[in-house]
Amino acid sequence: MYSLTLVIAAGLSAAGAEAVPFYADKLDLTYYLDASGARHPIASVQDWEIRREHVRAGLQQVAGPLPSRETLAPLDLQVEQEDDFPAYVRRKITFAVEPWDRLPAYLLIPKGKEGPLPAVLCLHPTADIGKGVVVGLGGRENRQYAEELAAMGFVTLAPDYPGFGDYKDARQRAYARGYTSMTMKGIWNHMRCVDLLQSLPEVDANRIGCIGHSLGGHNTLFVGLFDERVRVMVTSCGFTLFAKYKDGDLTGWTHDGYMPAIAETYGKDPAAMPFDFPDILAALAPRTVFINAPVNDDNFDVSGVQDCVAAAQPVFALYGANDRLIAVYPEAEHDFPDVERHQAYACIRDALAVPEEH
């Protein structure tokens, strides 16, 4: 079923833009459109799953098609450095995400725990040192979630996003190989991270989550959209309704680290976009999603987050998963404060059925 989901999503994109219905009001998730443009009410999970495939296809219209996973390069994990800490071992690694590309990452393995263990993919925010931020090697406070989760007993994997850390030359190489956005390259890389985690003897392949702040926050949603092996997603300061992002100016989403087509094809116009975050959120149901959205975030407007949550909640209810879409709104700026961060950890623990003393 999982492989079929990937094939369908890629197939809709490959079929061309005319095969993907356009939904003008992304806040209205109560219907789907058929090939003739006729509306059909969403009254069941089966109805919603038709719309969900349109959501996946809509993102691919902007970010480019998801590459085929029929033939995957051997992971070829290589350890470059190992550092010992009281609660975990931290390994600096690279592994093959494509035959022509190796992804740098940190892998943290808890000590003194009986495995196989739950694992969390930890995606970093915008920071020159990339993956180093989330393992506690510098940058702003409240971003060290890979380190903290490893100390709690989770295997954590923290990769670089293209253009950051030890992966600064990745954008040019990926565009030369046919990618049309680094958003899709990130999705591909992060799915390969799940492949790596599932290959490790220390990891329970059925208990994998993902967490990220800012850049890592929306990349968490994007990988979750395509990879149903990710059972729980934590997004901190990662999104808002496009119309409420910088008063509707999508320039920040269009540089070569994101999706150039937002400018080149869609004129940076929220109303023209084939996807938005209400339908992205809804497409993650019935899995668990935890959202940290500070009320004073000057990047991702909190009222736009609330709009997205309100639109997506009925879809979660359709699955009987009302309690799996969780949003907190702390009195903070663009930050992941201690209280909310630890609430997120508790949510991950619950979703992956991890005892509190773990």
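**View 1. Asp247 in the loop between strand S9 (230-236) and helix H7 (261-264).** Helices (H or I, at least four residues) and strands (E, at least two) are DSSP runs, numbered from the N terminus. This is a predicted model, in which local features need pLDDT of at least 70 and side-chain atom pairs count only at pLDDT 80 or more, while totals for chains, interfaces and linings use all residues. Residues are numbered from 1 along each chain as its sequence is written, and side-chain values use heavy atoms, with hydrogens and water left out. Although Asp247 is not a glycine, its phi is positive, at about 55°. Asp247 counts as exposed, at 80% relative accessibility, where exposed means over 50% relative accessible area, buried under 20%, and partly exposed in between (1.4 Å probe, protein chains only).

**View 2. Ser214 in the loop between strand S8 (203-213) and helix H6 (215-226).** Ser214, which is not a glycine, has a positive phi of about 60°, and its relative accessible area of 9% makes Ser214 buried. Most residues other than glycine have a negative phi, and most peptide bonds are trans.

**View 3. The cis peptide bond between Ala285 and Pro286.** The omega of this bond is about 10°, and Pro286 belongs to the loop between helix H8 (277-282) and strand S10 (288-292).

**View 4. Tyr167 in the loop between strand S7 (155-159) and helix H4 (170-176).** Tyr167 is buried, with a relative accessible area of 1%. Not counting residues up to four places away in sequence, Tyr167 touches several residues, among them Val97, Asp101, Arg102, Tyr161 and Lys185, where contact means heavy atoms within 4.5 Å.

**View 5. Glu340 in helix H10 (residues 338-351).** Glu340 is buried yet has no salt bridge, and the nearest side chain of opposite charge, Arg341, is 7.6 Å away. A salt bridge is a side-chain nitrogen of Lys or Arg within 4 Å of a carboxyl oxygen of Asp or Glu; Lys and Arg count as positive and Asp and Glu as negative, while His and the chain ends are not counted. When residues up to four places away in sequence are not counted, Glu340 touches Phe290, Asn292, Val328 and Pro330.
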